[in-house]
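Below is a short briefing on a structure. It is arranged by topic.

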Amino acid sequence: MATKEVKPDPQWTDPATGEYRVIGLGQTFRSITEKISRIVLTPETPLGWFAFFGIAGAGATLLLVAVTWLFLKGVGIWAITQPVAWGFAIINFVWWIGIGHAGTLISAILLLFKQGWRNSISRFAEAMTIFAVVCAGMFPLIHIGRPWLGYWMLPIPLTMNVWPQFRSPLLWDVFAVSTYATISVVFWYVGMVPDFGTFRDRAKSKFGQYIYGILSLGWRGSARHWMRYETASLLLSGLATPLVLSVHTVISFDFAVAVLPGWHTTIFPPYFVAGAIYSGFAMVLTLAIPLRKFYHLENLVTERHIDNMGKVMLATGFIVAYGYGMEVFMAWYSASHWESFMMWNRMFGPMGWSYWVLIACNIAIPLTTLWSRKLRTNIAFMFCISLVVNTGMWFERFVIIVTSLYRDFLPSAWGTYRATKWDYMTFIGTLGLFTTLFLLFVRFLPMIPMNEIRMLLPGAKIGPRPTSKAAAEKAGD
Amino acid sequence: MPAREGTYGLLAEFDTPGDLVRAAQQARQDGWRRMDCYTPYPVEEAAEAIGFHRNRVPLLTLIGGLMGLTAMFLGETWISVWAYPLNIAGRPLYSWPAFIVPAYEWTILFAGLSAAFGMFALNGLPALYHPLFNAPNFRDGATTDKFFLCLEALDPKFDLVEAKAYLETFQPNSVVEVEY
């Protein structure tokens, strides 16, 4: 890409390699440890945190209200009916789980590719994954109508002697999503153990020492432990990579295996995965940009991170654009009356506006502007673009589900879809729940992996036997 | 483990990973075996220096993954063919391609859990108490910015006075005796 015309600020480049710095100048092992642990170990919580927590908590309460009413009245309070039987619940499910994918991509795939810059953002991207999966996993459960029978989906011996149907992608989903949630939590926790050790040793309060001491499992940083730990992290990344690709693939099978025009297509798996990463990186930006500002982490989450995330979004955005293009092409090339009607109806039918919102938010705005490095390193712009892409990806799921369903083969069966206030409340409620969990994470857990950041510092390089005095000075500053 | 008394070992503190690695390499060359390095982030060279090579985490992960794969595939087959046969549009009961997806997921699930818990088990964690936590400079340094080499009393070469003098030759910040 044309990077040569912009002269980088010398403060942000490494004189040895000429590359952009991942971590700001002048950081030491101790300074970054203090910077990150102070956020958690301080007894004072910033007022701004309480303000956000109040708003997010109100959202989460809204979810509680919406779900309580749902359990009392049933799914009839939502807009789902024939022909659109999969409404907001499945849109939100696919959207949320897609958002989670970027966390795994950053923590696992970029680790395998040895992308050191990922270290600063990997932890909260993983947290984002877990909270997104929490929100996502809830939707199929409350969508089944009788959530207290949700355990029927599991292959467990019941007195009824009924077993699940293993040929259905909906059941594959159960395994894909539950495995994804479990592995994400384990990966996240394993990553935090050494940092809990740091917290244990730095906590002033007895309570903090106990809690972080137990969470750290007694981590003491032995070289033997570190080697097994590194192997386990690498293996977990290697396992999470095919897992994350399989999760959205299996979710796309929910659609692609059906014979409905608009769903029955082989491009869905790659296009879903790319879309997931696209929206996930947008969500990482939505979270990272206010966070680095609020907690003054500009030295750790640098412009290079924002720039790189912009590049990933550009690449995945184009895969998504290819997917949209192929859908249109296949609608014509298939010579199927139903396929081409579906596409015409999707673009110009009564709900055609949603398709154009999607094209504007996912293609027109981001894919024309993200080429420019100037814009990619403009923090305010990147924040706005992240919101635009999040909206666009939500509409992608809306378009796939609603516009494929509401006018199917027989005109007499046509209907429409208009979400009720309970649909909106549930959706807004999950946004609240997600933000609440994230705020708790930022306040009580290490949001930046200290042990991984230390490896990026110049002091971590083992030189070819310098005099110990010079080495001490180098590590000291 | 029976309660031990006396000295656990001698702990030398260094400022840089380079100093630690050189000291550990020298100590290994000089015949020390019962020793360990403690660092605030993974230092691969330190593990090499103390001669740590046998890492069984990959093996455990492989075994776990194969177990998950077998368990799920056999479970699906048993359920679909014997326990609860369903005629879905006349398809064969043993429709193995459809069984691949959950079996694949469980391979990853079991392998991942084996990697994480196997790693903790091999490391002997959780172990909330360890004699090293008694060293006054260990807890502030080992998880922040200091690099430690510990010569353990179980080594046959260990003699408190001699080992201390030996460690001093590496010019560490300090050498402290660690009690059980």
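A:His296 sits in the loop between α8 and α9 of chain A, where helices are DSSP runs of H or I of at least four residues and strands are runs of E of at least two, numbered from the N terminus. The model is predicted: local features need pLDDT of at least 70, side-chain atom pairs count only at pLDDT 80 or more, and totals for chains, interfaces and linings use all residues. Residues are numbered from 1 along each chain as its sequence is written, while chains are lettered from A and ligands numbered from 1 in the order in which they are written.

**Backbone exceptions**

- Most residues other than glycine have a negative phi, and most peptide bonds are trans.
- A:His296 has a positive phi, near 55°, and counts as exposed because 10 C-beta neighbours lie inside 10 Å (buried: 20 or more other C-beta atoms within 10 Å; exposed: 12 or fewer; partly exposed: in between; C-beta atoms are placed from the backbone).
- B:Ala89, also not a glycine, has a positive phi of about 50°; it lies in the loop between α3 (57-83) and α4 of chain B and is exposed, with 5 other C-beta atoms within 10 Å.
- The peptide bond between A:Gln82 and A:Pro83 is cis, with omega about 0°, and A:Pro83 belongs to the loop between α2 (47-73) and α3 (88-112) of chain A.
- In chain B, a cis peptide bond with omega about 0° joins B:Leu125 and B:Pro126, the latter in the loop between α4 and α5 (138-141).

**Chain A overall**

- Chain A has 17 helices and zero strands.
- Its radius of gyration is 24 Å, close to the 23 Å of the globule rule for 477 residues, so chain A is as compact as a globular protein of that length (the radius is taken over C-alpha atoms; the rule is 2.2 Å times the number of residues to the power 0.38).
- Of the 477 residues of chain A, 47% are buried.
- Among contacts in chain A with a separation of 6 or more, 80% join residues 24 or more positions apart (a contact has C-beta atoms, placed from the backbone, within 7 Å).

**Helix packing within chain A**

- Helices α8 (residues 268-294) and α14 (residues 379-405) of chain A pack at about 140°, with axes 8 Å apart (axes are lines fitted to C-alpha atoms, for helices over the stretch in contact; angles run from 0 to 180 degrees between N-to-C directions).
- α8(A) and α14(A) are therefore oblique to each other (under 35 degrees is roughly parallel, over 145 roughly antiparallel, 65 to 115 roughly perpendicular, the rest oblique).
- Residues of α8(A) in this contact include A:Tyr278 and A:Met283, and those of α14(A) include A:Phe383 and A:Glu396.

**Contact between chains A and B**

- The contact takes 59 residues from chain A and 65 from chain B.
- On the side of chain A that touches chain B, α7(A) gives the largest share, 17 residues.
- That side divides into 32 nonpolar, 18 polar and nine charged residues (Ala, Val, Leu, Ile, Met, Phe, Trp, Tyr, Cys and Pro are nonpolar, Asp, Glu, Lys and Arg charged, and the others, Gly among them, polar).
- Helix α7 (residues 223-256) of chain A and helix α4 (residues 96-122) of chain B pack at about 160°, with axes 10 Å apart, which makes α7(A) roughly antiparallel to α4(B).
- Among the residues making this helix contact are A:Leu236 and A:Leu239 of α7(A) and B:Ile108 and B:Ala111 of α4(B).

Technical notes. Contact = placed C-beta atoms within 7 Å.
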